[in-house]
Amino acid sequence: MIHSAISLDLSFKLKMKRILIILLCIWQGAGAQEILVPYKTGNRWGLADLQGKLVVPTNYDWISIGKDYPGGYFGFKKGNQSGVIYNRKEIIVETGEGHEYAVLDEKFILGRYKEKYDVNKAYNSMEERNAARRNPREMHTIYNLKGQNIYPENFARLSIIDTIGSSARLKKQSKYTIFYSVNYENKHSIFVFDIDKQLITKWLLKDYDKFKLESDLPVLSMRNAVFSAQKDRSSPEELVSFDLLKNTVHMSSKIVSGKNDTGKGSPLYNGDVKGDPSSDIVIVESGRPSEIGKKRKLRYDMRFIVAGNSITYSKSDQASNRQNKDFTLPFKADNFKVEVLYSTLPPTKDSIERQIANVLVIESGGKKGLCITDSLFIPPVYDEIKALISHGKTVQDLSFLVGLKDKQTNNMKYGTIDVYGKTVIPVIYDEIAIDQQYSSSRKSFVENLYNEDLRVSINKKSGYITTTNQVKLSVEYDSIYKNDLNYLQNESEFMVLNKNGKYGLLKFRYAGNLLIKPQFEKKIGYYVENYKSKKGLNLLALITNEGQLYAYATKDGLIFAGKEK
């Protein structure tokens with residue numbers, strides 16, 4: 001008995017050890033999502049790991065990445081087939097051109113197919129042929145995450161209209177997605193998809209002839225909408241509304257007045273879709289703090305008024321108390337003119353706010369200066385001058401871009417000064433570009449700055465400094481220009497850096513700029529930041545001179561490409 005008990009105990013421990021190993025493997029597999037990158041050899045694509053090792057053979061004409069394919073999902077095209085890859089395997093394969101896919105928050109996969117007009121196809125009538133040509137048939141499909149079509153009849157139209165509950169599988173995600181659909185007989189339905197069970201669990205409405213929103217306003221959610229619905233011609237018309245409270249979908253319906261209406265909104269259906277109470281919606285109202293009792297600062301609005309050779313200086317406060325006085329130019333002037341300039345000056349010692357509506361540009365002996373107010377002047381010592389209004393996060397700052405001709409070359413050099421005439425950026429640069437695109441050589445008097453970084457050039461080299469003359473990027477690059485390869489809208493907005501025939505990029509961001517120094521022989525068409533939700537992994541798309549995608553690369557120079565076949 002003792003021997004048997006020991007054997008039983010050892011057997012039990014061995015079984016438990018195996019179970020623990022299995023659970024550990026499952027946990028590790030679930031927690032460590034493999035990250036793969038499209039890999040190109042010749043004109044064929046496969047997938048590689050982050051070390052550049054090919055793990056899915058290059059058998060594909062194209063592999064798609066982006067927001068439609070999170071996690072380990074990829075789209076593909078191969079001959080006349082297209083579909084979705086997950087975990088190195090093809091989980092969806094469809095035949096024919098025109099298929100598109102999107103994996104939504106790793107809840108389910110949506111497919112859309114737009115039928116192409118076939119000239120050689122036999123139609124029953126000319127009307128049917130014309131309809132097929134003008135309005136190609138669309139097919140919408142819902143796949144579960146294994147790639148299985150959960151409703152093979154498919155849909156002519158499909159829309160997500162709301163979500164509810166809390167998923168046990170995905171943290172901070174809803175458990176149920178509510179869809180509105182139309183089939184090919186123009187029948188309307190509303191159904192619930194359970195993302196944990198990966199199937200349709202409830203049809204709230206099924207195959208209704210009529211389903212229409214009783215409002216001209218857009219549907220923000222099912223909670224604020226009333227619909228008119230009719231099952232078929234022999235059925236009464238109903239007014240339908242939905243309540244999504246906590247963890248239950250509740251549908252109410254009543255007959256439309258004049259059609260056997262009892263006057264009561266008696267429920268025809270009580271949904272039993274269950275979720276988690278944590279899905280409650282809390283509306284937080286926000287507003288500006290009350291300023292009652294707060295002492296208002298005195299503010300003056302100031303401007304010059306010119307009539308012929310007569311100049312009047314005008315100043316008014318919040319109560320529209322206006323003071324006008326004759327103004328005499330503080331400098332000998334050959335010419336002067338008013339330039340519109342709405343801006344704020346630094347406050348005075350007594351915290352008086354000063355708003356200006358214009359300035360006087362003074363020309364004397366071929367040089368230019370400014371009268372900003374009746375007591376604030378820039379002497380006429382510059383060959384060019386224009387206003388820079390910097391729109392910061394909280395304040396608006398005024399400065400001036402000035403130019404002086406080099407006495408030896410006669411070329412213009414640029415810098416900046418503040419409203420008091422003090423030098424901020426030395427007048428040494430051949431060019432200062434405003435907001436990455438507007439050059440200092442532009443003729444407009446006012447330029448608006450929405451970024452503190454200025455591109456500067458000197459002796460055919462370019463770099464970046466801030467409006468306060470702090471160096472952001474040393475002046476060493478052969479050229480810096482705005483990317484003009486608009487492959488992906490947001491991911492294509494950056495500055496191209498070129499040095500010694502190599503390419504890099506600079507992306508301006510509030511949370512710190514992204515810099516990838518020139519190291520690639522091919523241009524960067526776009527980049528995907530935090531690729532596959534991996535923070536700091538920026539995947540770059542390298543483009544050939546013909547404008548075709550060559551390969552992907554990481555910021556440290558690893559290129560996902562093999563030898564040309």
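Asp374 and Lys325 pair up in a salt bridge, their closest N and O atoms sitting 2.8 Å apart; the term covers a side-chain nitrogen of Lys or Arg within 4 Å of a carboxyl oxygen of Asp or Glu. Asp374 belongs to the loop between strand 24 (367-371) and strand 25 (377-382), while Lys325 is in strand 21 (residues 322-326), so this contact ties together parts that are 49 residues apart in sequence. Strands here are DSSP runs of E with at least two residues, numbered from the N terminus. Both partners are partly exposed: Asp374 has a relative accessible area of 26%, and Lys325 comes in at 42%. On this scale, buried is under 20% relative accessible area, exposed is over 50%, and partly exposed is in between (1.4 Å probe, protein chains only).

All of this comes from a predicted model, in which local features need pLDDT of at least 70, side-chain atom pairs count only at pLDDT 80 or more, and totals for chains, interfaces and linings use all residues. Residues are numbered from 1 along each chain as its sequence is written, and side-chain values use heavy atoms, with hydrogens and water left out.

The salt-bridge count comes to 19. Another of these joins Glu452 to Lys472, with 3.4 Å between the closest N and O atoms. Glu452 lies in the loop between strand 31 (446-449) and strand 32 (453-458) and Lys472 in strand 34 (residues 471-477), so here the parts tied together are 20 residues apart in sequence. Glu452 is partly exposed at 41%, and Lys472 is partly exposed too, at 40%.

Lys499 is in strand 36 (residues 495-499), and the pair links distant parts of the chain, 23 residues apart. Lys499 has 27% relative accessibility and counts as partly exposed; Glu476, at 29%, is partly exposed as well. Elsewhere, Lys175, Asp194 and Asp196 are linked in a network of salt bridges.

Strands 35 and 36 run antiparallel and are joined by four bridges. Tyr481 has Val496 of strand 36 as its bridge partner.

Methods:
Pairing = 2+ DSSP bridges.
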